[in-house]
Number of protein chains: 2
Amino acid sequence: MNADTETSSQTDPHSVGMVETQFAELFAPPNPLALRGGTTLGPISVAYQTYGELSPEKDNAIFLCHALTGDMHAAGQMEQRRKSGWWDGFIGPGKTLDTNRYFVICANVLGGCQGTTGPASIKPETGKPYGIDFPFVTVEDIVNVHSELVRHLGIERLLGVMGGSLGGMQVLQWAANHPDQLSSAIVLASAARLSAQGIAFNAVGRRAIYADPNFKQGQFYNEGEGPRFGLALARMIAHITYLSEDSIELKFGRRLQDSDSLSHELHAETEFQIESYLHYQGERFVERFDANSYLYLTKAMDYFELAPNPGDLAKSISKTDARFLVVSYDTDWLFTTAQSKEIVSALLSQQKHVSYSELSSPYGHDSFLIELDQLGALVKPFLEQTLASTRG
Amino acid sequence: MNADTETSSQTDPHSVGMVETQFAELFAPPNPLALRGGTTLGPISVAYQTYGELSPEKDNAIFLCHALTGDMHAAGQMEQRRKSGWWDGFIGPGKTLDTNRYFVICANVLGGCQGTTGPASIKPETGKPYGIDFPFVTVEDIVNVHSELVRHLGIERLLGVMGGSLGGMQVLQWAANHPDQLSSAIVLASAARLSAQGIAFNAVGRRAIYADPNFKQGQFYNEGEGPRFGLALARMIAHITYLSEDSIELKFGRRLQDSDSLSHELHAETEFQIESYLHYQGERFVERFDANSYLYLTKAMDYFELAPNPGDLAKSISKTDARFLVVSYDTDWLFTTAQSKEIVSALLSQQKHVSYSELSSPYGHDSFLIELDQLGALVKPFLEQTLASTRG
């Protein structure tokens, strides 16, 4: 599960107009972590990647908060992975997050499964993986760990913190809890709290995992293949919510996968292209993700609520002087424009500097991962202005 | 599973301003049924209920097509059931479907689990339940059976056929296949074909059932409790799609079920009210529904496509002279207003008489079961006009 994250060096990094091959770096906070749930956790280690160079003034660092199933591998190539990083089109020389100008950091979240301590990590007291003995993790805990990583890197103030979906939740939490650590905050396709509908979809996904006989109370690591079926089903359900009705109709419609005519067979599970696509997404996902991490991180999303009402929401982000950029997508029904507007209203009520745009895209919630040109047209000048204002 | 449907008589029916206590009647078509999938099925029996009296002219009959998990018990009380029929507020003396004026018929669909032949029925050749040896069923097959039932009741032409969701699909199919058998068609919250998103949600629901170790290839009837977990999960997923984001937010929001504060426990599966509600819906559903029927009927929905393109759609309903009433709901994201408008356009292109309204309701797809007043305000005069025109 953690194979991708070993620290190693390479004699011949290839750099062909893109971010060069990346390896994980590891940070081990010196003190145990005090968790929001009341317990402590430690020792932990945090796996991260960086792109570009930190300026001598240490004023060009941008921290990327990844989404639910993302990880530190945001750009370029990485050993043992065929695919480029999840935001490869956005990060690199001359790209929106121009690595000739900016120093970009991305770390795996606490509770995840790509190198930062999570339920698949060894519990020191038992010598076995934590499983569901891993302590409860919140967005606040995730952000606190990353905040400490940034200090460890010698960076007093980030030029920006940015992320989409669960990543956007982290950005908001960062601005609330560490208000002096960032000059700007970019919140994409996100919300100040997960909606009831979002909780509902997460709940059925977790239930699929719990129901898998191979879940074995979370201690499946040395027990055959683990709850692959349940995890795949959870992913299939979630995947539907990431797509817009229009994009799903356009991309698949009612087209059949392997035939010109309907089979009239009950057990044809991948007869329509959309079925085949979802099955494929589910299969692929279980190759790279840990079912326990899925439980923990969806629960962290469910719990996320920056403040229970608009007044408190405004107060929670009152202390930062960061500039905000908030972006929503018109076909995103999981994190709606209305939810982004609530954030914007709260910021405006505190006389914060905030830019907001609802972008038009057919791709639903996934738009922030796909529609990079129109997003870049907003982010690029926003970061340039932020850098100019900090260098004043 | 079929306990509700036995035919019996009662000495003291109670009628207190509502439809009196109902029992199922059974119809056994004399000939085997030729199915759309190419096979035949028989003998079959069809369980149905009626409300009101057929007029001497036999011109006041309305056939109700029930939705995916509905059944013939549309109104009044029924033995062994605590709840009134699914459209009880709509059917009865003085109500929209006024049983003093109209004769209302509702029958269980083929492939269901409430008395009409389905996968839980005994296969004559083996003396055991069909299970997934039951032949593939389409909306066309369902409608053909009901069409024969209507003829069996001595009714040459129905005053109306009406239904919502899968019921609305049946109405459209009826108008296409038996164009002379109806004077009006009322299509609620439905579509001329299931959307790709609808197929996707059905597919993950079926996958939850297939994944349940108690599914046992569909032969679970004498094997303990059956795939209760998988069926409950399928229902939970589907239930989310029946609600609008607004109604779910209003009804549950982020409120907790049994506590004032978050537990920070991973395994708190019903911590939020919306989680508890979905679990309850799942639990209740498995008490009354057969997992195999769920597989067959969702597959019938997936297959439903009156015609693959707008031109053919118009042609498919060109033969009927029925008057149409089409209704959609503004917060229904499973069967959208755009899908209803496609039906209306096809009808108009054929110079059909069609009334259309998008009703405003917070309840999403479920609106046609809940918002009976505004629906009644459309349906009541529509039926009266239809009756007047047939009586000329």
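Reader: How far apart are the end C-alpha atoms of α3(B), and what should its 16 residues span?

Author: They are 22 Å apart, and at 1.5 Å a residue the 16 residues of α3(B) should span 22 Å, so the two agree. The expected span is 1.5 Å times one less than the number of residues. Helices here are DSSP runs of H or I with at least four residues, strands are runs of E with at least two, and numbering goes from the N terminus. Keep in mind that this is a predicted model: local features need pLDDT of at least 70, side-chain atom pairs count only at pLDDT 80 or more, and totals for chains, interfaces and linings use all residues. Residues are numbered from 1 along each chain as its sequence is written, and chains are lettered from A and ligands numbered from 1 in the order in which they are written.

Reader: Is α3(B) mostly covered or mostly open?

Author: Mostly covered, with 15 of its 16 residues buried. Buried means 20 or more other C-beta atoms within 10 Å of the residue's own, exposed means 12 or fewer, and partly exposed is in between, with C-beta atoms placed from the backbone.

Reader: And how many residues of chain B are in contact with chain A?

Author: 44 residues of chain B are in contact with 43 of chain A; contact means C-beta atoms, placed from the backbone, within 7 Å. α3(B) gives the most to that side of chain B, with 10 residues.

Reader: What's that side made of, by class?

Author: It has 26 nonpolar, 7 polar and 11 charged residues. Ala, Val, Leu, Ile, Met, Phe, Trp, Tyr, Cys and Pro count as nonpolar, Asp, Glu, Lys and Arg as charged, and the others, Gly among them, as polar.

Reader: Which strand joins β12(B) by 5 bridges?

Author: That's β13 (residues 323-329) of chain B, running parallel to β12(B). Ala185(B) has Phe324(B) as its bridge partner there. β11 (residues 160-164) of chain B also pairs with β12(B) in the parallel sense, over 4 bridges; pairing takes at least two DSSP bridges.

Technical notes. Contact = placed C-beta atoms within 7 Å.
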